[in-house]
Amino acid sequence: MIVTVGPNVDPSLVRAALIEHGLWVRRFDGLDAVQFFIEPMSPSVARETILKIEGVVDVAVSSPSTPRLDAHPSTLDVGGVAIGAGAAPVLMAGPCSVETEEQIHSLASEVARAGGSFLRGGAFKPRTSPYDFQGHGQSALRWLRTAADQHHLRVVTEALQPSDAPLVAEYADLVQVGSRNMHNAPLLRAVGATHRPVLLKRGMAATVDEWLFAAETLLLHGAQGVVLCERGIRGFETSTRFTLDIAAVALIAHVHHLPIIVDPSHAAGRRDLIPALCDASIAAGAAGVMVESHDRPGCALSDGPQAISPETLSMIGARMFARTPGGREPHVSNSSLRSCVA
Ligand code: PEP
Ligand code: MN
């Protein structure tokens with residue numbers, strides 16, 4: 001927003017009034033008028049409210065760049081499970097890859113026992129090495145669905161390429177777009193066109209804005225809704241697999257008011273940190289977590305070092321559900337800082 005001050009008006013009075021509304025302002029002295037640029041991290045204040053400030057002659061508002069996301073609810077219903085603000089935290093868990101029919105059945109029962117509501121597992125695996133296990137494809141989708149249904153769980157699983165999207169959508173309640181594909185516009189269009197809710201993982205080198213534009217693309221092409229998933233970004237740190245951007249979680253939850261969950265497994269890459277990162281995620285405003293678990297983590301066909309045992313999963317569930325419903329701390333709005341203006 002750009003606020004223009006009228007002639008013969010003391011700009012400092014307008015500035016003080018803007019700051020009273022909790023807005024962060026930057027002043028420009030133009031040839032014809034003084035203007036105040038409202039910084040994007042400011043709380044949202046209606047244009048009409050600002051126009052009422054004495055001395056303001058114009059308020060220019062740029063059109064929203066993500067109109068569908070701006071209108072997105074802060075809580076999304078996925079297969080009867082509410083994900084987002086005010087809802088109980090959601091636990092999604094399962095193996096990195098669906099390895100066998102027996103394995104997914106046994107893990108589904110552990111996920112349900114821990115209080116989970118979604119069974120995860122890759123049928124199509126985006127592996128860093130082309131020689132690593134690539135997933136069992138449609139058979140894995142079938143096993144996943146049957147196991148989830150038996151334990152009253154929903155299914156979240158990844159679509160890897162546009163041609164797989166309709167098939168994955170047939171089996172999944174929540175279609176996952178993985179980190180490596182967040183920028184893949186043809187896949188976003190194809191997944192959107194299935195009209196399913198989508199779990200959009202953050203690209204490992206994506207800014208929050210790029211992530212939000214990918215979410216907008218999904219909605220534009222028909223996705224029923226989007227749940228964002230922070231899974232760690234690439235920085236200079238090597239002692240964890242990626243760097244979990246907990247500030248982005250708070251930003252998406254408390255400023256953008258969108259449903260967001262955290263995947264601490266891919267972020268940390270090591271199982272010993274997962275319980276602590278689950279706690280941190282919920283405290284920051286995440287609507288839930290998605291964790292990789294395995295009955296025999298040492299034998300996992302993919303991502304064994306980050307897989308937690310069923311016992312640890314139960315402990316995480318117990319800790320998560322012991323919190324107050326919603327799990328969100330009250331957000332401190334920028335406007336509460338207004339007392340700095342004397
Ligand atoms: C996954 O969740 O199975 C996965 C591959 O994660 P990411 O896309 O975050 O690497
Ligand atoms: Mn994995």
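## Shell around ligand 1

Ligand 1 is surrounded by Arg 120, Lys 125, Pro 126, Glu 158, Gln 176, Gly 178, Ser 179, Arg 180, Lys 201, Arg 231 and His 266. The model is a predicted one.

## Polar contacts and burial

Arg 231 brings a polar side-chain atom to 2.6 Å from an oxygen atom of ligand 1. The side chain of Arg 120 has an N or O atom 2.8 Å from an oxygen atom of the ligand. Ser 179 uses its backbone: a polar atom there lies 2.8 Å from an oxygen atom of ligand 1.

Taken alone, ligand 1 exposes 300 Å². The protein buries 97% of that area. The space that ligand 1 takes is the second largest pocket.

## Arg 231 and the aromatic rings

Arg 231 is also one of the residues around ligand 1. Which ring does Arg 231 lie over? Arg 231 lies over the face of Phe 242, at 4.1 Å from the ring centre.

Pairs between aromatic rings are a separate matter. Their count is zero, with ring centres required to lie within 6.5 Å.

Terms used:
Residues numbered from 1 in each chain as written. Chains lettered and ligands numbered in written order. Predicted model: local features only at pLDDT ≥ 70, side-chain atom pairs only at ≥ 80, totals over all residues. Heavy atoms only, no water. Phe/Tyr/Trp six-rings, centres within 6.5 Å; stacked < 30°, edge-to-face > 60°. Lys NZ or Arg CZ within 6 Å of the ring centre and 35° of its normal. Near = heavy atom within 4 Å. Polar contact = N/O pair within 3.5 Å; in protein donor to acceptor, adjacent residues only side chain to side chain. Areas by Shrake-Rupley, 256 points an atom, 1.4 Å probe, with all protein chains shown as cover. 1 Å grid on protein atoms, 1.4 Å probe; cavity = no way out; pocket = protein on both sides within 12 Å on 5 of 7 lines; lining within 4 Å. Sits in = over half its atoms within 2 Å of the grid points.
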